Amino acid sequence: MPVPSADDADAALRALEPVLHPSGWALLNSLPPYREDDVLRASTQLREAGHSPELVSSVLTQSRLRARAAEKFGEFASSMLFTPHGLEQATRLPIAARHAKRFQQAGVGSVADLGCGIGGDAMAMAGLGLEVTAVDRDPAAVAVATVNLRPFPNARAQLGDAAAHDPASTDGIWLDPARRASSRGGTRRLHDPEEYEPPLSAVLDLARRLGSADGLGPLGAKLGPAVAREALPREVEVQWLSFHGQVLEAAAWCGPLAREGVLSSALLIDHAGTHRLDRGVDSAPDPTPGPLGDHFYEPDGAVIRAGLIGALAEHLGAHTVDETIAYLTGDRLVSTPFARGYTVHDVMPFGLKRLTAYLREHRLGVLEIKKRGTAVEPEELRRKLRPRRFGDESATLILTRIGGEQSVIVASPHASPAGEAAAQKDLR
């Protein structure tokens, strides 16, 4: 989560203080489910009942955050506290449970959660029976994590700095470096891992200090999805996680937490379940470009980040359309959770006049527009085409390079029969 300034940290703690008292906590838990339309009325009623403006603001803010948090924490959200930034950056509970399971399966008994934020990962680890010390340098985060960890006697939250942590105090370490920095009153994402707080080099140093002469110790770290595999040693497993099509994180796993022989992997979670594709030392190389086939595949972002285009292409019997673009094509229709598939209907060089005429001829007025490897922006193109005037037939337009030339592929998405994706769960 972003590293707060001293002023921001003080303001966040002051906003929380009213609900940290027993009377404020009781008032918060007595509120009905949050509804945006009822906020003004609820605020007025609470003030008329004699509650201070500060308390009213605090409980209504927490009620709103609890409603938002249900997506990440389910039923647990209704008994938790949050900060706005902490909720935004918090790990979803099902994903946190996966993090915790790595430590449990490796036989790690105690873990320091450094940069714990609101305590989502610490909750999951404590829930699996691990002894957890949750550490953050933001007093508001520590206050919130203390409340959220109260059901777990094997967990505690404390104020501290990841850089000053003694690796000998716990068996393992989970670390969530700050990947955002304050910028002109807001925050900006940090893409260079050496700009993280602590930087990636310091994270790896902790893993070395936690380990022995034989290798790195049991440390896991939540990194930004844009981190390059080459930024980490080969003995570290990096797993990119995609949640319903959105790449959320790249987790680095060191020592006994890493699977032997796995350089990187893509873990996908969707409505059909979980699916994993691994890249080892001898994984298939990237495919060479070839002609456009009958079918077209858009690999999931986690597959691309993990360097698994070659393995996926081998499974699909496909190749790339251009040496610099991670789109795949082939003549076989293959159902896979690792890519969105399309049936190709037509292809043409990119040109506004030609494309407009094509849409009019085929009455294509409902368009999904995708792009990769082109400067054309889909929404700008949509405004210029004004497709609704042509009819109510639908299609997907894919703007990309084929053999170095700007092209438009006209396609329709493959059907997704229930159960087919699940059958592809562990493709290796």
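**A mixed sheet and a helix pair**

T396 has A411 in β18 as its bridge partner. Strand β17 (residues 393-402) and strand β18 (residues 405-413) run antiparallel and are joined by 7 bridges. This is a predicted model, in which local features need pLDDT of at least 70 and side-chain atom pairs count only at pLDDT 80 or more, while totals for chains, interfaces and linings use all residues. Residues are numbered from 1 along each chain as its sequence is written, and side-chain values use heavy atoms, with hydrogens and water left out.

The open sheet has 7 strands in the order β13-β14-β12-β15-β18-β17-β16, with mixed pairing; two strands pair if DSSP finds at least two bridges between them. Strands (E, at least two residues) and helices (H or I, at least four) are DSSP runs, numbered from the N terminus. β13 (319-322) and β16 (364-371) are at the edges with a single partner strand each, so one side of each lacks a neighbour in the sheet.

Helix α12 (residues 352-361) packs on the sheet and touches β15 (339-349), β16, β17 and β18; contact means heavy atoms within 4.5 Å. The direction of α12 makes about 110° with that of β15. Angles run from 0 to 180 degrees between N-to-C directions, and axes are lines fitted to C-alpha atoms, for helices over the stretch in contact.

The axes of helix α6 (residues 93-105) and helix α7 (residues 120-127) come within 8 Å and cross at roughly 55°. α6 and α7 are therefore oblique to each other; under 35 degrees counts as roughly parallel, over 145 as roughly antiparallel, 65 to 115 as roughly perpendicular and the rest as oblique.
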